[in-house]
Amino acid sequence: QVQLVESGGGWVQPGGSLRLSCTASGSGFSITAMAWYRQAPGKQRELVARITSGGNTYYADSVKGRFTASRDNAKKTVYLQMNSLKPEDTAVYYCNVESLRATSARKYSDWGQGTQVTVSS
């Protein structure tokens with residue numbers, strides 16, 4: 001089982017910055033990718049950024065140039081640096097990890113409990 005702990009959420013004014021972090025813990029798994037999703041009230045959950053074990057990244061068009069995902073494999077941690085924040089970035093941000101188990105041929109997907117990001121003046 002993979003446990004995910006998220007931190008870094010909070011309130012900022014438009015144009016401000018926040019850095020989210022997500023750390024995975026447990027045993028018997030190897031991470032293949034980590035990602036950030038977000039869900040605003042009344043809206044569908046959307047993929048914001050994803051980074052694979054090989055370092056490939058994906059960003060939603062709405063955050064390109066403003067958000068940057070990075071990872072520290074030794075710490076099993078993924079970060080999301082969010083700059084030039086806009087009110088429309090307000091949402092609950094969720095960490096997701098894709099992993100393999102030593103005794104299974106299929107991928108597993110685990111979710112964090114989310115951290116609130118509020119951008120307002």
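This is a predicted model: local features need pLDDT of at least 70, side-chain atom pairs count only at pLDDT 80 or more; totals for chains, interfaces and linings use all residues.
A residue is called buried when its relative accessible area is under 20%, exposed when over 50%, and partly exposed in between.

Ala33 lies in strand β4, which covers residues 29–39. Leaving aside residues up to four places away in sequence, Ala33 touches Arg50, Ile51, Thr52 and Ser53, and also Asn96, Val97 and Glu98. Val5 stands 28 residues from Ala33 in sequence, and the two C-alpha atoms are 16 Å apart in space.

With that starting point in hand, the overall architecture can be set out. The secondary structure of the protein comes to 0 helices and 11 strands, so from the N terminus on the elements run β-β-β-β-β-β-β-β-β-β-β. The radius of gyration is 14 Å, close to the 14 Å that the globule rule gives for 121 residues, so the protein is as compact as a globular protein of that length. Taken along the principal axes, the C-alpha atoms fill a box of roughly 50 × 25 × 25 Å. Of the 121 residues, 40% are buried. Among contacts with a separation of 6 or more, 54% are accounted for by residues 24 or more positions apart.

The protein has 14 positive and 8 negative side chains, with the centres of the two sets lying 4 Å apart.

A disulfide is a covalent bond between the sulfur atoms of two cysteines. A search of the whole structure finds 1 disulfide, and this bond joins Cys22 to Cys95 with an S to S distance of 2.1 Å. The pair links distant parts of the chain: Cys22 belongs to strand β3 (residues 18–26) and Cys95 to strand β9 (residues 91–101), 73 residues apart. The torsion about the S-S bond of Cys22 and Cys95 is about -85°, and the disulfide is therefore left-handed. Both Cys22 and Cys95 are buried.

Strand β3, which holds Cys22, is also the place of Ala24. Ala24 has a relative accessibility of 5% and so counts as buried. Apart from residues up to four places away in sequence, the residues that Ala24 touches are Val2, Gln3, Leu4, Phe29, Ile31 and Lys76. Arg71 is 47 residues from Ala24 in sequence, with a C-alpha to C-alpha distance of 11 Å.

Most residues other than glycine have a negative phi. Lys76, however, has a positive phi of about 50° although it is not a glycine. Lys76 is found in the loop between β7 (67–72) and β8 (77–82), and its relative accessibility of 31% makes this residue partly exposed. Ser84 likewise has a positive phi of about 50° without being a glycine. Ser84 is found in the loop between β8 and β9, and with a relative accessible area of 41% Ser84 is partly exposed.

A last stop is the loop between β6 (57–59) and β7, the place of Asp61 and of Ala60. Not counting residues up to four places away in sequence, Ala60 touches Leu47 and Val48. Val48 is 13 residues from Asp61 in sequence, and their C-alpha atoms are 8.6 Å apart in space. Ala60 and Arg50 are 10 residues apart in sequence and 9.2 Å apart, C-alpha to C-alpha. Arg50 is also among the residues that Ala33 touches, which brings the walk back to strand β4, the strand that holds Ala33.

How values were computed:
Residues are numbered from 1 along each chain as its sequence is written. Side-chain values use heavy atoms; hydrogens and water are left out. A disulfide is a pair of cysteine sulfur atoms within 2.5 Å. Helices (H or I, at least four residues) and strands (E, at least two) are DSSP runs, numbered from the N terminus. Buried means under 20% relative accessible area, exposed over 50%, partly exposed in between (1.4 Å probe, protein chains only). Contact means heavy atoms within 4.5 Å. The radius of gyration is taken over C-alpha atoms; the globule rule is 2.2 Å times the number of residues to the power 0.38. Lys and Arg count as positive and Asp and Glu as negative; His and the chain ends are not counted. The place of a charge is taken as NZ of Lys, CZ of Arg, CG of Asp or CD of Glu.
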